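User: I have just opened this one and I am new to it. Could you walk me through it?

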Amino acid sequence: MIKDISRSALNLLMGLILAGFVFTPKASAADGKAIFKQNCAVCHSMTDQHLTGPGLAGVMDRVPPGKWLHDWIKNSEKMIKSGDQYATKILKENGGATMTVFEGTLTDADIDEVIAYLKKGDATTTTSSTTTGGTTGEQVVEAKGGIDPLYIILIIIVILAILIGILRGVRNSMSAVAEHTPDEELAKTFWQESRDWMASHRRFIGVCCIIIVLLGMRSCWNSLWMVGVYYDDASDKGYKPEQPIKFSHKLHAGDNGIACQYCHNSVEKSRHAGIPTVNVCMNCHKSIQTGPQYADKEISKIYAAAGFDAKTGTYDLSKQNPIQWIKVHNLPDHVYFNHSQHVVVGKQECATCHGNVKEMTVAEQKSPLTMGWCIDCHRKTDVAMEGNAYYDKLHAYLKNKYKDQHLKTFTVAQMGGLECAKCHY
Amino acid sequence: MKLNKYINLKAFAVSAVALAFVAGLTSCEDVPNSPGFEFMPDMYRTRGLRYYNEYVTATGDTLKAARLPVAGTIARDYLPSIPKGMTYEMADNLKNPIPFSPAVEKEGEVIYGKFCVHCHGDGGHGDGKVGLKMPGQPPAYDGGTLKNLSEGKIFYSISKGKNAMGPHELMLNADERWKLVHYVQKLQGVRNAPPAADSVAVVTPAGEVKKEEAKH
């Protein structure tokens with residue numbers, strides 16, 4: 001009897017456990033979060049921030065009670081077509097942008113879980129908007145302001161000269177006071193003294209002057225070579241102007257790994273690599289509204305240029321204004337240079353001419369861009385012809401032309417890359 | 001006074017110092033904002049309009065060189081890849097004019113590596129470096145709403161943008177976007193066997209669908 005009771009009790013217990021296993025609702029908070037992340041977070045933040053859709057902080061207090069939110073998530077367009085009052089209101093508030101229809105993608109249970117998650121809120125997501133720009137800090141080296149050392153030296157020289165003048169004046173007036181004891185040494189002026197000294201050391205002075213003149217001529221000659229050249233080989237320093245927006249190539253191309261071609265997307269199709277238009281910036285910065293170093297200070301300049309209102313997520317075309325970027329790599333107008341020819345046909349890397357831009361906070365010229373530099377590369381570089389459809393015909397012709405020399409590879413120069421009219425016409 | 005004997009010497013020294021001074025002034029490469037010395041600057045910077053600059057005209061108006069084209073301007077040889085008035089819901093009708101081949105998919109992968117990977121991640125899971133910094137991470141291609149997205153809707157989303165994503169039709173031409181669609185479909189995991197390559201449906205710019213023999 002007791003045994004039977006204990007057995008049935010055991011069965012009951014087992015049954016309960018099994019039933020609990022089958023009927024316990026799935027751990028809804030976690031699942032709701034996962035569903036939200038996959039389907040909703042692209043457009044809705046859990047804060048007040050307006051992304052593509054409105055921020056969802058306090059959404060449960062806003063929407064009509066009952067099943068409204070459930071129906072809206074399921075098929076928002078049907079709600080709008082049915083003329084629901086609140087549906088038309090939020091459609092208007094969001095500039096007529098409709099929400100994705102989730103009927104067929106999300107089940108009723110899924111939607112309920114999302115709503116449960118919305119009710120509960122989430123401590124971790126509410127703070128996420130403050131860290132949206134990412135936490136990878138990077139130091140932008142400020143363009144050196146202050147005074148040129150040359151001027152400091154000049155100022156020191158001037159101050160010394162004034163001091164000498166004052167001392168001389170003091171000395172002269174002293175000697176004027178002591179006039180009754182005329183002293184040959186005292187009566188001599190500074191210039192007279194130095195003339196006497198120079199006269200007695202004429203050979204030394206002569207050699208010094210010749211050395212100074214030669215050094216001066218050398219630096220003159222060197223600086224003549226730098227006329228119109230924006231990069232100095234010796235110091236590895238180039239033209240590095242401060243741009244209207246403190247855009248960091250290091251952050252974008254380096255840390256975030258965005259390809260050069262994403263922003264400079266005409267590089268493979270055109271003569272110019274191109275400065276990206278503001279819509280390219282807005283592709284990401286519509287959502288990413290703060291940066292790691294300057295918060296929203298620099299990014300707001302993009303919004304000003306695009307006429308974008310970050311609060312409502314709308315554009316005002318009448319407020320658009322171009323960003324006046326300063327061109328760093330400048331070739332004179334009498335030179336023809338084609339990016340696509342070098343990048344697509346010649347298969348050159350960006351860094352070959354532009355240096356390691358991924359490490360630059362401020363873009364800097366890293367090649368002289370002189371004709372000698374162009375010619376040098378055209379003489380040295382073997383053209384990648386094999387398997388390059390562009391060169392098939394030329395390859396056959398050149399093989400025939402240079403067949404006595406048994407050449408395996410051809411440089412740009414051997415293909416006529418040094419002819420004047422290739423670049424100057 | 002033996003002035004005459006060393007006056008030349010003095011002039012010599014002064015001129016040397018002056019030369020060194022001039023040389024110091026012309027080599028301005030230490031100042032990052034200065035392009036350095038330009039002899040005849042109009043050879044470097046022409047008087048013609050350059051982009052992103054402002055010019056004050058003779059009448060006193062400020063002229064911006066970066067301006068939008070005249071309304072209705074289209075590029076030479078441009079054909080709209082998406083018929084006018086088509087919405088996202090209608091995009092299912094768009095069919096890929098480029099037949100599938102492993103080579104095309106490879107090209108699509110190269111384009112993906114330049115234009116998509118930083119947000120959508122290597123495997124299309126929305127875990128790119130930029131994607132992780134977005135307030136909402138991009139959805140994965142192989143789950144949820146995107147798993148069964150038609151090629152037309154993929155193309156439409158790339159072209160016109162969708163939700164947080166911006167439009168890319170100005171950055172990639174139609175062929176490149178269709179090649180991209182092939183690669184995105186691979187990441188969706190929908191392509192188990194390559195489709196029959198003997199005939200493909202082609203959408204002409206006018207929107208009509210016709211059958212065309214694939215060129216091999």
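User: Which residues have the most contacts inside the largest nonpolar core?
Analyst: The largest nonpolar core has 54 residues, and those with the most contacts inside it are A:Val114, B:Phe155 and B:Val184. A nonpolar core here is a set of buried Ala, Val, Leu, Ile, Met, Phe, Trp, Tyr and Cys residues joined through C-beta atoms within 7 Å, and a residue is buried if 20 or more other C-beta atoms lie within 10 Å of its own, exposed if 12 or fewer, and partly exposed in between, with C-beta atoms placed from the backbone.

User: Which helices supply it with at least two residues each?
Analyst: In chain A they are α2 (28-39), α4 (68-74), α7 (108-120) and α14 (260-263), and in chain B they are α2 (102-115), α3 (117-120), α5 and α6. The one that gives the most to this core is α6(B), with 6 residues. Helices (H or I, at least four residues) and strands (E, at least two) are DSSP runs, numbered from the N terminus.

User: Before I go on, what kind of model is this, and how is it numbered?
Analyst: It is a predicted model, in which local features need pLDDT of at least 70 and side-chain atom pairs count only at pLDDT 80 or more, while totals for chains, interfaces and linings use all residues. Residues are numbered from 1 along each chain as its sequence is written, and chains are lettered from A and ligands numbered from 1 in the order in which they are written.

User: OK, back to A:Val114. What is it in contact with?
Analyst: Leaving aside neighbours within four places in sequence, A:Val114 is in contact with A:Gly32, A:Ile35, A:Phe36, A:Cys40 and A:Ile73. Two residues are in contact if their C-beta atoms, placed from the backbone, lie within 7 Å.

User: And how do α5(B) and α6(B) pack?
Analyst: Helix α5 (residues 151-160) and helix α6 (residues 174-188) of chain B pack at an angle of about 120°, with their axes 9 Å apart; axes are lines fitted to C-alpha atoms, for helices over the stretch in contact, and angles run from 0 to 180 degrees between N-to-C directions. The two helices are therefore oblique to each other, given that angles under 35 degrees count as roughly parallel, over 145 as roughly antiparallel, 65 to 115 as roughly perpendicular and the rest as oblique. The residues of α5(B) that meet α6(B) include B:Phe155 and B:Ile158, and those on the α6(B) side include B:Val181 and B:Val184. By class, the residues of this contact divide into 7 nonpolar, 2 polar and 2 charged, where Ala, Val, Leu, Ile, Met, Phe, Trp, Tyr, Cys and Pro count as nonpolar, Asp, Glu, Lys and Arg as charged, and the others, Gly among them, as polar.

User: How about α2(B) against α6(B)?
Analyst: Their axes come within 7 Å and cross at roughly 95°, so α2(B) and α6(B) are roughly perpendicular to each other. The residues of this contact divide into 5 nonpolar, 2 polar and 6 charged.

User: Switching to chain A, which residues of α15 are buried?
Analyst: In helix α15 (residues 278-285) of chain A they are A:Cys281, A:Asn283, A:Cys284 and A:His285, and they pack against α16 (299-306) of chain A together with α4 (129-133) of chain B. The axes of α15(A) and α16(A) are 10 Å apart, at an angle of about 125°, which makes α15(A) oblique to α16(A). In that contact there are 7 nonpolar, 1 polar and no charged residues.

User: What is the phi of A:Leu369, and is the residue buried or exposed?
Analyst: A:Leu369 has a positive phi of about 55° although it is not a glycine, and it lies in the loop between α18 and α19 (371-380) of chain A. With 21 C-beta neighbours inside 10 Å, A:Leu369 counts as buried. For background, most residues other than glycine have a negative phi.

User: And A:Lys347?
Analyst: Phi of A:Lys347 is near 55°, a positive value in a residue other than glycine, and its place is in the loop between α17 (339-345) and α18 of chain A. A:Lys347 is exposed, with 10 other C-beta atoms within 10 Å.
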